[in-house]
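Thanks for making time this morning. I would like to walk you through one model, taking its confidence before its geometry.

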Amino acid sequence: MLDSELIQRAQAGERKAMVEILSKLETPLYRTAFYLMGNEQDALDATQEALLKVYRNLPSYKGEAMIYTWAQRIVTNVCMDMFRKRKKVVLMEEDAIREDRNAGKEVEKGAVISDLKQAIRRLPMPQQTAIILRYVQEYNYKEISEAMGLPLNTVKSHLFRGRKQLQKWLSEYQEGGDFSWQMKK
Amino acid sequence: MADEKIMEWSQRNLDNDLSQLEKSMLEKHLQESTEDRQNADELMEVSRQLSLLPRTDPPHSVIPQVLDQIEREETSRSKTVSSPSRTRWLSVGRAVAAAVIVSFAGLFALMKFQSSDLENGQKMGDTNEAGVYSQLEEKDANMEKANSVIWSPNQTYRAEWKERKLVVVRADGALQYERLFNSEQLQLQKIEWLTDQVVKVTLIHADRQVPEIITVDVVKKQEVQ
């Protein structure tokens, strides 16, 4: 855990304390970035960028949120920025609906999604984030709310929708009978 | 119990968010309804699999690169002024970072690192589930569209262009600043934060070549030059 004394020392300019904080945040931030970005290299890039932002902004961190959730918000925003810059996929609502129809067709065609991690990455970004924070970071609703900067009920909505969508896909795959939707061990 | 309530409680049950009474009521209902029991079981299986997701560790530490970048930035910022104390902490920092790397190396020697690169899959959209999900959504749902929301560098404010309005909201969701642009000809080109409290909005007018730039201090709630 990062105690407030360590944070205060870092805010006061003690570099050793700052490096200790970055070290403690590194792995949790990497884990979120890994699941959001989907590969090791992008996750490392996102982690590096997020830690830089933590360093630059720690002096103005006021402690309204836990430092872990505050840093999680930074890394999720960094990941979204990386997607945006690459013009990959951060979809407007109407696009999301269209994509979902395509997703349905893909399932109908019997396309295989053999990996739970891949299935998560097919969810809209807020749902992905809520699922990752809940299960990989083991956050409760309040912590997810802080990390995403969203109201509690909105967070629940994203989490519930994400789980429901995964359940739907799981059920469809099982009905297909051609393959099982199991996580790689 | 209504279907929506069952669905919500089944979900909250997975997150240990039900009171003892609610849990008992849910259990009682699920014993009586095969369909709802099956749905709850399926959700539980999804949740069980999610809880088994591997806690992947980074293959190496990026802290040395972070410290190098900070050093480069600070050096370029103070080219003319040499500051020994500034570089001294970086040496300390690098020593600590080296210790972190050694720790990582030790860990990886003991553990079989699970490296599982994922394909860059395309995101699919959300479904419009009626009922409980819609009920849970709040007025600021639109703020979640990631590509229209820009956070301030210190993650305190988020700026969004919404129906000819620049809307700035604090992290807790409270409105900080709002400004309506009357012309329907204006379209957003870009939102960017110049500082932690100054946001720059670039708008394009349908009839003009030159973009209109508005810079606002959202704390003072006034336009700045």
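Let me settle the conventions. This is a predicted model, in which local features need a pLDDT of at least 70 and side-chain atom pairs count only at pLDDT 80 or more, while totals for chains, interfaces and linings use all residues. Residues are numbered from 1 along each chain as its sequence is written, chains are lettered from A and ligands numbered from 1 in the order in which they are written, and side-chain values use heavy atoms, with hydrogens and water left out.

Confidence, then, where pLDDT is the predictor's confidence in each residue, on a scale from 0 to 100. Chain A averages 82, and 78% of its residues score at least 70.

Chain B averages a pLDDT of 75, with 67% of its residues scoring at least 70. Its confidence is lowest in helix H6 (residues 132-136), at a mean of 56, and highest in H2(B), at 93. Over residues 112-130 of chain B the pLDDT is below 50, and beyond near neighbours in sequence that stretch has 66 contacts in the model. Residues 138-147 of chain B likewise stay under 50, and for them the model has 28 contacts beyond four places in sequence.

Now to helix H3 of chain A, residues 40-57. Its 18 residues reach 25 Å from the first C-alpha to the last, close to the 26 Å expected at 1.5 Å a residue, where the expected span is 1.5 Å times one less than the number of residues.

How many of the residues of H3(A) are buried? The count is 13 of 18, so that the helix is mostly covered; buried means under 20% relative accessible area, exposed over 50%, and partly exposed in between, with a 1.4 Å probe and protein chains only. A:Leu51 lies in this helix and counts as buried, at 0% relative accessibility. Leaving aside neighbours within four places in sequence, A:Leu51 is in contact with residues of chain A, including A:Leu22 and A:Leu25, and with B:Val62, B:Ile63 and B:Val66. The C-alpha atoms of A:Leu51 and A:Leu22 are separated by 6.4 Å, although the two are 29 residues apart along the chain.

Two backbone angles deserve a moment. Most residues other than glycine have a negative phi. A:Glu138, however, has a positive phi of about 55 degrees; its place is in the loop between H7 and helix H8 (141-148) of chain A, and it is exposed, with a relative accessible area of 56%. B:Asn16 also has a positive phi of about 55 degrees, sits in the loop between helix H1 (3-14) and helix H2 (20-32) of chain B, and is exposed at 66%.

Finally, the sheet. Four strands of chain B form an open sheet in the order S1-S2-S3-S4, with antiparallel pairing, where two strands pair if DSSP finds at least two bridges between them. The edge strands are S1 (149-151) and S4, each pairing on one side only. S2 (residues 157-162) and S3 (residues 165-170) of chain B pair over six bridges, with B:Lys162 opposite B:Lys165. These two strands form a hairpin with two residues between them, and B:Glu163 in the turn has a positive phi of about 50 degrees. S3(B) in turn pairs with S4 (residues 175-180) of chain B over five bridges, again antiparallel, and B:Leu166 stands opposite B:Arg179 in S4(B).

Terms used. Contact = heavy atoms within 4.5 Å.
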